Amino acid sequence: MTEPQNDTQAKETFYEAIGGHATIALIVEVFYQGVAQDELLKPMYPEEDLGPAAERLTMFLEQYWGGPTTYSQRRGHPRLRMRHADYAVTEQARDHWLKHFREGLDAAQLEPELDAQFWAYAQHAANFMINAKG
């Protein structure tokens, strides 16, 4: 017989449900493998090594989904649009970004409902970042 959960037990976060750091790190790794080969997106990442960008995205996604708050501790408020204002984020760039992000999600092989939730967020975020026509 299992013990009933009491109200003091925290519900599992989305971050925990998807497998935590290992899963997000995999999604980000596969995403940046695509970005590194993408002629449209690569110029938007000024570092020659995409490692720092991958670390920032990993920390951001972990925090967003209920994991460690390392991103805010190191970088403050995300201010995503402001941080990307120097780059022309067009619908075409969004589509390329989403293609690589989808590849990352596919590699993670999340449960369908978790995948759908993560993908919906990625689509919303990508649309929000559009700041140029073209």
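Predicted model: local features only at pLDDT ≥ 70, side-chain atom pairs only at ≥ 80, totals over all residues.
**Helix 6 against helix 7**

Helix 6 covers residues 91-108, and helix 7 covers residues 112-129. I looked up how the two pack. Their angle is about 160°, and their axes are 10 Å apart. An angle over 145 degrees counts as roughly antiparallel. Helix 6 and helix 7 are therefore roughly antiparallel to each other. I also checked the handedness: helix 6 passes helix 7 in a right-handed crossing.

Which residues make the contact between helix 6 and helix 7? From helix 6 I listed R94, W97, L98, F101, R102 and L105. From helix 7 I listed D115, F118, W119, A122, Q123, A126 and N127. I then sorted the residues of this contact by type. Eight are nonpolar, two are polar and three are charged.

**A salt-bridge network**

R102 and D115 are both on that contact list, and I followed them up. Their side chains meet in a salt bridge, with N and O 2.6 Å apart. D115 lies in helix 7 and R102 in helix 6, so this pair ties together parts that are 13 residues apart in sequence.

Is D115 buried or exposed? Its relative accessibility is 15%, so D115 counts as buried. The cut-off for buried is under 20%.

R102 has another salt bridge to note, with D106. Here the closest N and O atoms are 2.8 Å apart. Both R102 and D106 sit in helix 6. They are four residues apart, about one turn of the helix. D106 has a relative accessible area of 45%, so I wrote it down as partly exposed.

I put these pairs together. R102, D106 and D115 are linked in a network of salt bridges.

**Another pair in helix 6**

Next I looked at E103. What does E103 form with K99? The two form a salt bridge, and their closest N and O atoms are 2.9 Å apart. E103 and K99 both lie in helix 6, again four residues apart, about one turn of the helix. I checked how open each one is. E103 is partly exposed, at 30% relative accessible area. K99 is partly exposed too, at 46%.

How many salt bridges does a search of the whole structure find? I noted four.

**Helix 2 against helix 6**

I went on to the packing of helix 2 with helix 6. Helix 2 runs over residues 20-36. The angle between helix 2 and helix 6 is about 140°, and their axes are 8 Å apart. That makes helix 2 oblique to helix 6. The crossing of helix 2 and helix 6 is right-handed.

I listed who meets whom. Helix 2 brings T23, L26, I27, V30, F31, G34 and V35. Helix 6 brings W97, H100, F101, E103, G104, L105, A107 and A108. By type, the residues of this contact divide into 10 nonpolar, four polar and one charged.

T23 lies in helix 2. Is T23 buried or exposed? At 12% relative accessibility, T23 counts as buried. I set aside its neighbours within four places in sequence and asked what else touches T23. The contacts are I18, A108 and L110.

Then I turned to A36, also in helix 2. A36 counts as partly exposed, at 33% relative accessibility. Leaving aside neighbours within four places in sequence, A36 is in contact with K42 and L50. I also looked up how far A36 is from E48. They are 12 residues apart in sequence, and their C-alpha atoms are 9.6 Å apart in space.

**The whole protein**

Last, I stepped back. How many helices and strands does the protein have? I recorded seven helices and zero strands. Along the sequence, the pattern reads α-α-α-α-α-α-α.

The protein has 134 residues, and buried residues make up 39% of them. I also checked the contacts between residues at least 6 apart in sequence. Of these, 67% join residues at least 24 apart.

Key
Residues numbered from 1 in each chain as written. Heavy atoms only, no water. Axes fitted to C-alpha atoms, helices over the stretch in contact; angles between N-to-C directions. Helix = DSSP H or I, 4+ residues; strand = E, 2+ residues; numbered from the N terminus. Parallel < 35°, antiparallel > 145°, perpendicular 65-115°, else oblique. Left-handed = near helix turned anticlockwise from the far one by under 90°. Contact = heavy atoms within 4.5 Å. Nonpolar A, V, L, I, M, F, W, Y, C, P; charged D, E, K, R; others polar. Buried < 20%, exposed > 50% of the residue type's maximum accessible area, 1.4 Å probe, protein only.
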